[in-house]
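Here are my notes on the model, point by point. Have the structure open while you read.

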Amino acid sequence: MLVNEVLTALALRPGGLYVDATFGRGGHSARILAALAERGRLIAIDRDPAAIAAGRARFAHEPRLQLVHGEFAELAQLVRAQVAGARCNGVLFDFGVASPQLDDATRGFSFSHDGPLDMRMDATRGQPVSAWLADASLDEIHHVIAGLGEERFAGRIAAAIVRARASSPLTGTAALAALVAQCVRTREPGKHPATRTFQALRMFINDELRQIQSGLAQALELLADGGRLVAISFHSLEDRLVKEFIRSHSEIDPVLARLPVLPPLLAPPPLRRIGRKQRPGADEIAANPRARSAVLRVAEKRAPHAGGGSPSAA
Ligand SMILES: C[S@@+](CC[C@H](N)C(=O)[O-])C[C@H]1O[C@@H](n2cnc3c(N)ncnc32)[C@H](O)[C@@H]1O
């Protein structure tokens, strides 16, 4: 998704060190590798063991690629385990789930194909959604569906889940989708009524927003001067975190920015925002309707001696 835009945003140096923090099926990684010279290097990470296995098969003869199973909340440690003292020329994030995860009913992400109510991107850690729903309080369920799904019928849905589980545990995606559909009174065009609830449960069970906050902070720590941070979000809550991260690391504190002369020892902000947010073009959306919610943001790590930040909003 947004592949050409990502390559431009990374401003690839043929001999550079890059990190693809969300390997998926390697769409972006393949294009990065094609642009790198023999001495270039790419470390690609995914928390889904199936993504790493598929990547190892696809790129078996690619010595410039290191595939690593892990979460980008541990980005710095994962990258430094591959390259001691790594200074990266670019770090790419493409948040959310990959199509093979959505398409495989046994992973439990799908409301259209019945499967076990799991939704973990990495089933070797944590608990499936079914186990959480069996124990969580009405308030907790309500809070997750309202907060992460921005679902106005969250109260009804939470109450229906608590009522249903009293007679039999909720273990399948189809049963949950049917239950939610009975509670959602208005239909959003082109959306299954359970879309918001499934999205909320997925984001919660995979701790996605905390992963993003932590991953962005570690990417900044890993970047070399002039290195690029490139992030694609699918959800407004994800994009808000990226936007705020770039804003807060590229602008001078508004109180200081109002001073007539900046204190000489004031360190410049560590990032410089590159351009405005980008969205896929009409052709890409026509070819892949999922692309319609994608937003790309880019920033560059400043050299410590580079000039001060912009006081304007990101
Ligand atoms: C949208 S897909 C990436 C697609 C990829 N850019 C491509 O071109 O094929 C997101 C991928 O990131 C992985 N992922 C999501 N959150 C993660 C995290 N916190 N740490 C590591 N991988 C994560 C998912 O398992 C999924 O494979």
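1. Pocket terms first. On a 1 Å grid over the protein atoms alone, a pocket is an open set of points where a 1.4 Å probe fits, with protein on both sides within 12 Å along at least five of seven lines, and lining residues have an atom within 4 Å of a point. Points are joined across faces, edges and corners, and the volume is the space filled by probe spheres set on them.

2. Some ground rules. This is a predicted model, so local features need pLDDT of at least 70 and side-chain atom pairs count only at pLDDT 80 or more, while totals for chains, interfaces and linings use all residues. Numbering runs from 1 along each chain as its sequence is written, and side-chain values use heavy atoms, with hydrogens and water left out.

3. On to the largest pocket: its volume is about 910 Å³. It is lined by 27 residues, and Thr-195, Gln-199, Arg-202, Arg-290 and Ser-293 are the closest to its centre. H10 gives the most to the lining, five residues; H10, helix H5 (99-103) and helix H12 (236-250) each supply at least two. (Helices are DSSP runs of H or I with at least four residues, strands are E runs of at least two, and both are numbered from the N terminus.)

4. Arg-290 turns up again here: its charged end sits over the ring of Phe-234, 4.9 Å from the centre. The test is CZ of Arg, or NZ of Lys, within 6 Å of the ring centre and within 35 degrees of the ring normal.

5. There are six aromatic pairs. Rings of Phe, Tyr and Trp (its six-membered ring) pair if their centres lie within 6.5 Å; planes under 30 degrees apart are stacked, over 60 edge-to-face, and the rest tilted. Phe-23 and Phe-59 are edge-to-face, because their planes are at 70°, with centres 6.0 Å apart. Phe-23 is in the loop between strand E1 (17-20) and helix H2 (27-35), and Phe-59 in the loop between helix H3 (49-58) and strand E3 (65-69), so this pair ties together parts 36 residues apart in sequence. Both Phe-23 and Phe-59 are buried (under 20% relative accessible area; exposed is over 50%, partly exposed in between, with a 1.4 Å probe and protein chains only).

6. Trp-132 and Phe-204 make a tilted pair, since their planes are at 45°, with centres 4.5 Å apart. Trp-132 is in helix H6 (residues 129-135) and Phe-204 in helix H10 (residues 195-205), 72 residues apart. Trp-132 is buried at 10% relative accessible area, whereas Phe-204 is partly exposed at 31%.

7. Which residues touch the most other members of the largest nonpolar core? Leu-133, Ile-161 and Leu-176 do, out of 33 residues. A core here is a set of buried Ala, Val, Leu, Ile, Met, Phe, Trp, Tyr and Cys residues joined through side-chain atoms within 4.5 Å. Beyond four places in sequence, Leu-133 is in contact (heavy atoms within 4.5 Å) with Leu-117, Ile-141, Ile-161, Arg-165, Leu-176 and Leu-201. A separate core has 30 residues, including Ile-43 and Phe-245.

8. Two backbone spots to look at. Ala-11 has a positive phi near 45°, in the loop between helix H1 (3-10) and E1. Glu-150, also not a glycine, has a positive phi of about 45°, and lies in the loop between H7 and H8. Most residues other than glycine have a negative phi.
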